[in-house]
Amino acid sequence: MIIAVSGKGGVGKTVFSALTIKYLTSIGKKVLAVDADPDANLAEALGVERENSIGDIREELQRTQHKIPGGLTKEAFLQRRIHEIISEHKGFDLLVMGRAEGQGCYCWVNNILRENIDRLSANYDYTIIDCEAGLEHLSRRTTKDVDIMFVVLDQSKLSLNTALRIKGLAKEVDINFKKLFLVQNKGQNKNFEKEAEKAGIKVIGILPEDKEIMRLYSEGKAIIGIDKKAGAFEGVKGIWGNI
Ligand SMILES: Nc1ncnc2c1ncn2[C@@H]1O[C@H](COP(=O)(O)OP(=O)(O)OP(=O)(O)O)[C@@H](O)[C@H]1O
Ligand SMILES: [Mg+2]
């Protein structure tokens, strides 16, 4: 099953992704974590070293002027290199998309993700994609074939607006999510819930503002190390119970 986590910048996408990965691995699921944010920090949240990325493969190809070794096709070469850069950890594997060439253009790495995600995710129970901020990934269609799209929002109206735009945008670019849910982060907001309901999108769960998360961040510790009794982790468990 492919899960994407999106939403406005800074709303808690990486926190929600990391807690989801903690939850799914704690119940014995095999997880592929995909950091699709060019400002990659999912590795830190998961407490592992960030290794090579798909962006690095692109650079490698550029350096070698696209000379593929050993008579491989470009596709076969990419598949092999992607396999090599997926790092293995306790309970989950991690694939980092990394930066793309130039500013603004993130196409190459996105294309590679799109072309390989189905094949890769077949080896796992769950693939969790921590998306770049905003909803650009929709028009690039990198998150087209996800089973569940979670859009995270916090207490800012702008984050709600981004979240509510997703349905219209998906329609525009002809994407049909199997399931689309909002995740309210940093505490309940009844007004936001009402607006979401009006727009026909369900708030599937609420994560409280959690001192434990603030503590982990201020001490530079990985979010995945959160106490299982912490409110935000309970919230994530509740969400998975509701699906
Ligand atoms: N439930 C929560 N309780 C307390 N602090 C939180 C909570 N969720 C997120 N935060 C804080 O909010 C900040 C942003 O969280 P996070 O990095 O997960 O957002 P993001 O959406 O992934 O951001 P970006 O768009 O930059 O990738 C972090 O400093 C984190 O500590
Ligand atoms: Mg993030």
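Guide: A polar contact is a pair of N or O atoms within 3.5 Å; within protein, one must be able to donate a hydrogen and the other to accept it, and residues adjacent in sequence count only if both atoms are side-chain atoms. This is a predicted model, in which local features need pLDDT of at least 70 and side-chain atom pairs count only at pLDDT 80 or more, while totals for chains, interfaces and linings use all residues. Residues are numbered from 1 along each chain as its sequence is written, ligands are numbered from 1 in the order in which they are written, and side-chain values use heavy atoms, with hydrogens and water left out.

Visitor: Which atom of lysine 186 lies 3.1 Å from an oxygen atom of ligand 1?

Guide: A polar side-chain atom of lysine 186 does. For glycine 10, a backbone N or O atom is 2.9 Å from an oxygen atom of ligand 1.

Visitor: How many residues surround ligand 1?

Guide: A residue is near a molecule if one of its heavy atoms lies within 4 Å of it. Here 17 residues surround ligand 1, and Lys13, Thr14, Val15, Asn185 and Asp210 are the closest.

Visitor: How is empty space found?

Guide: Rolling a probe the size of a water molecule over the atoms shows where empty space is left. On a 1 Å grid over the protein atoms alone, with a 1.4 Å probe, a pocket is an open set of points with protein on both sides within 12 Å along at least five of seven lines; lining residues have an atom within 4 Å of a point. The largest pocket holds about 330 Å³ of space. Among its 18 lining residues, Gly10, Val11, Gly12, Val15 and Tyr217 are the closest to its centre.

Key
Points joined across faces, edges and corners; volume = space filled by probe spheres on them.
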